[in-house]
Amino acid sequence: MSEVLDAVDAKILDLIQHDAGLSVAEIAERVGLSSSPCWRRIKRLEDAGVIQRRVTILDRDKLGLGFEVYCTVKLSLPTKENLDAFETAITKLAEVVQCATVTGSADYELRVVTRDMHAFDDFLRERILSLGLVSNIESRIVIRSVKHTTAAPLGLVSPYVSAQG
């Protein structure tokens, strides 16, 4: 959206990003609208692509998926074809929960979630290195997550919601 968020849109987005399970009636009540205009605003934000999707966040530790690793990946030869091939392959790997192209000496930063060290080793050997595109991987195992949020810092673009994390 090219225009600045008004107070109601900003509050709606803040509510939804912290609890996507809220009903339209609950959201409307909290922002001071009736349900129909609130629903229209939410629909407009969805149509504009501001709201991409609504998800449920699972507790990975309780599911036995508490092993998290950040991997810096350098390709052997970073040609357009190899970059495209790597990115296509990565999108199909469930263990990779985030992948970004980065500046510096590496090509990618991956965030990988799996069961344990052995599963991670299997993932590296069988899924990443077997692609034949990677020259170097540096892995950093997460000891403890200090902050994890999916919330966009709306306070940086709107004075109507808190800028605090």
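Let's begin with helix α2, residues 24-31, where Ile27, Ala28 and Val31 are buried, buried meaning under 20% relative accessible area, exposed over 50% and partly exposed in between, with a 1.4 Å probe and protein chains only. Those three cover an arc of only 100 degrees around the axis, which puts them on the same side of α2; the arc is that of the directions from the helix axis to the C-beta atoms. An α-helix has 3.6 residues a turn, so residues three or four places apart point the same way.

Before I go on, a word on the model: it is predicted, local features need pLDDT of at least 70, side-chain atom pairs count only at pLDDT 80 or more, and totals for chains, interfaces and linings use all residues. Residues are numbered from 1 along each chain as its sequence is written, and side-chain values use heavy atoms, with hydrogens and water left out. Helices (H or I, at least four residues) and strands (E, at least two) are DSSP runs, numbered from the N terminus.

Back to α2. What lies over its buried residues? The cover includes α1 (7-18) and α3 (35-47), with contact meaning heavy atoms within 4.5 Å. On the face turned away from the buried side you'll find the exposed residues Glu29 and Arg30. Just after the helix, Gly32 has a positive phi of about 80 degrees.

Now, please turn to the sheet. It is open, has four strands in the order β2-β3-β1-β4, and its pairing is antiparallel; two strands pair if DSSP finds at least two bridges between them. Which strands stand at the edges? Those are β2 (96-101) and β4, each with a single partner strand, so one side of each is left without a neighbour in the sheet. On average, neighbouring strands are turned by 20 degrees against each other, direction ignored. Axes here are lines fitted to C-alpha atoms, for helices over the stretch in contact, and angles run from 0 to 180 degrees between N-to-C directions.

Looking at one pairing, β2 and β3 (residues 108-114) run antiparallel over five bridges, and Val96 has Val112 in β3 as its bridge partner. Two helices pack on this sheet. Helix α4 (residues 80-91) touches β1 (67-75), β2, β3 and β4, and its direction makes about 20 degrees with that of β3. Helix α5 (residues 117-128) also touches β1, β2, β3 and β4, with its direction at about 165 degrees to that of β4.

On to the aromatics. How many aromatic pairs does a search of the whole structure find? Three, where rings of Phe, Tyr and Trp (its six-membered ring) pair if their centres lie within 6.5 Å, and planes under 30 degrees apart count as stacked, over 60 as edge-to-face and the rest as tilted. Phe67 and Phe120 have ring centres 6.1 Å apart and planes at 50 degrees, so the pair is tilted. Because Phe67 lies in strand β1 and Phe120 in helix α5, this pair ties together parts that are 53 residues apart in sequence. Phe67 is buried at 14% relative accessible area, and Phe120 is buried at 6%.

Then there are Phe86 and Tyr108, whose ring centres are 4.6 Å apart with planes at 35 degrees, so that pair is tilted too. This one links Phe86 in helix α4 to Tyr108 in strand β3, 22 residues apart. Phe86 is buried at 0% relative accessibility, and Tyr108 at 1%. Finally, Phe67, Phe120 and Phe123 form one aromatic cluster.
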